[in-house]
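Hi everyone, thanks for coming. Let me put the structure up on the screen, and then we can walk through it together.

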Amino acid sequence: MKTLLIEDDQTVAEHIQHGFEEAGHRCEVRYSGDAGLHEAQVNDYDLIILDVMLPVIDGMDILNIIRGQGNNTPVLVLSAKSQVEDRVQGLRAGASDYLTKPFAFEELLARAEGLAGRSEHHDTTTLQVGDLTLDLVHRRVTRGEQEIELQAKEFQLLECLLRNRGHVVTRSMLLEHVWNYHFDPQTNVIDVHISRLRQKVDKTFNVPLIETVRGTGYRISDAIT
């Protein structure tokens, strides 16, 4: 994953860059809005992480400019502006995700990998790992020769996990993707639906696919054969 980080706080930027590189990803940093905008316009990235309050050019202005130019690179806004109206403004301007400061690096990395993976696989009509296949056109799920009937939310959960296969999908990401919540409403709805999904896609098969990553979220391994 090749990431452009536009962040004027050097300590935060170096922390993120170091963490991404330790995880095996490339991360280029620009410390001002004008430098970040130029980099986004002349080079291709799998993901842009964008602060809002930047010198020279504001982060929201950068987002509006690149979206207006047809640049559809996933953008994760990372900002201390945490009010609902701030998040709504960012998402409506074309942000793919919005994470507030202070943040847990593990969640930032999981969201980043998820966005990059979603962009990489967005054109496919079939998602597959091991003997599990999800047909997006016909809304059909099979494992081996067996067809599996899923409810709408279960299908969306499985789609989100498969699009991000190999990466941890956080509870926040699932809430946003499936229920359109941009906050945690303190509900066990995810646990209930994951449990039902496991009953259908894992229980009667030899190899379980859905893995719980304690304290973070869920993952389907990309290495399953």
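Let's start in strand β4, where V75 is the bridge partner of I48. Before going on, some housekeeping: this is a predicted model, so to speak of local features we need pLDDT of at least 70, and side-chain atom pairs count only at pLDDT 80 or more, while totals for chains, interfaces and linings use all residues. Residues are numbered from 1 along each chain as its sequence is written, and side-chain values use heavy atoms, leaving out hydrogens and water.

A word on names: helices (H or I, at least four residues) and strands (E, at least two) are DSSP runs, numbered from the N terminus. Two strands pair if DSSP finds at least two bridges between them.

Back to our strands. β3 covers residues 47–50, and 3 bridges join β3 to β4, which spans residues 75–79. Those two run parallel. Strand β1, residues 2–6, is also joined to β3, by 4 bridges, and this pair runs parallel too. There, T3 stands opposite L47.

Now, which residues of β3 are buried on one side, and which on the other? L47 and I49 are buried on one side, I48 and L50 on the other, and both faces of the strand are covered. Buried here means under 20% relative accessible area; exposed is over 50%, and partly exposed is in between, using a 1.4 Å probe and protein chains only. If you wonder about the two sides, in a regular strand the side chains alternate between the two faces of the sheet.

The charged end of K2 sits over the ring of Y45, 4.9 Å from its centre. The rule for that is NZ of Lys or CZ of Arg within 6 Å of the ring centre and within 35 degrees of the ring normal.

On to aromatic rings. How many aromatic pairs does a search of the whole structure find? It finds 1. F20 and F105 make up the pair, edge-to-face, with 5.9 Å centre to centre and 70° between the planes. Rings of Phe, Tyr and Trp (its six-membered ring) pair if their centres lie within 6.5 Å; planes under 30 degrees apart count as stacked, over 60 as edge-to-face and the rest as tilted. The pair links distant parts of the chain, since F20 belongs to helix α1 (residues 10–22) and F105 to helix α5 (residues 105–120), 85 residues apart. F20 is buried, because its relative accessible area is 0%, and F105 is buried at 15%.

And cysteines? The structure holds 0 disulfides, a disulfide being a pair of cysteine sulfur atoms within 2.5 Å. C27 counts as buried at 4% relative accessibility, and C160 does so at 1%.

Next, an open sheet of 4 strands, in the order β6-β7-β8-β9, with antiparallel pairing. Why is one side of β6 (126–129) and of β9 (146–148) left without a neighbour in the sheet? Because both stand at the edges, each with a single partner strand. Neighbouring strands here are turned by 20° against each other on average, direction ignored.

β8 and β9 are joined by 3 bridges, and V141 stands opposite I148 in β9. Helix α6 packs on this sheet, touching β6, β7 (132–135) and β8, and its direction makes about 115° with that of β7. Axes are lines fitted to C-alpha atoms, for helices over the stretch in contact, and angles run from 0 to 180 degrees between N-to-C directions.

Within β8 (residues 140–143) we find T142, which is buried at 13% relative accessible area. Leaving aside neighbours within four places in sequence, T142 is in contact (heavy atoms within 4.5 Å) with residues including D131, T133 and I148.

One more sheet to go. It is open, with 3 strands in the order β10-β12-β11 and antiparallel pairing. The edge strands are β10 (169–170) and β11 (210–213). 4 bridges join β11 to β12, residues 217–220, and I210 has I220 as its bridge partner. Helix α6 (residues 152–163) turns up again, lying across β10, β11 and β12 at about 65° to β12. Helix α8 (residues 189–201) lies across β11 and β12, at about 150° to β11.

Last stop: S221, in the segment after β12. Is S221 buried or partly exposed? At 25% relative accessibility, S221 counts as partly exposed. Leaving aside neighbours within four places in sequence, its contacts are V129, G166 and L209.
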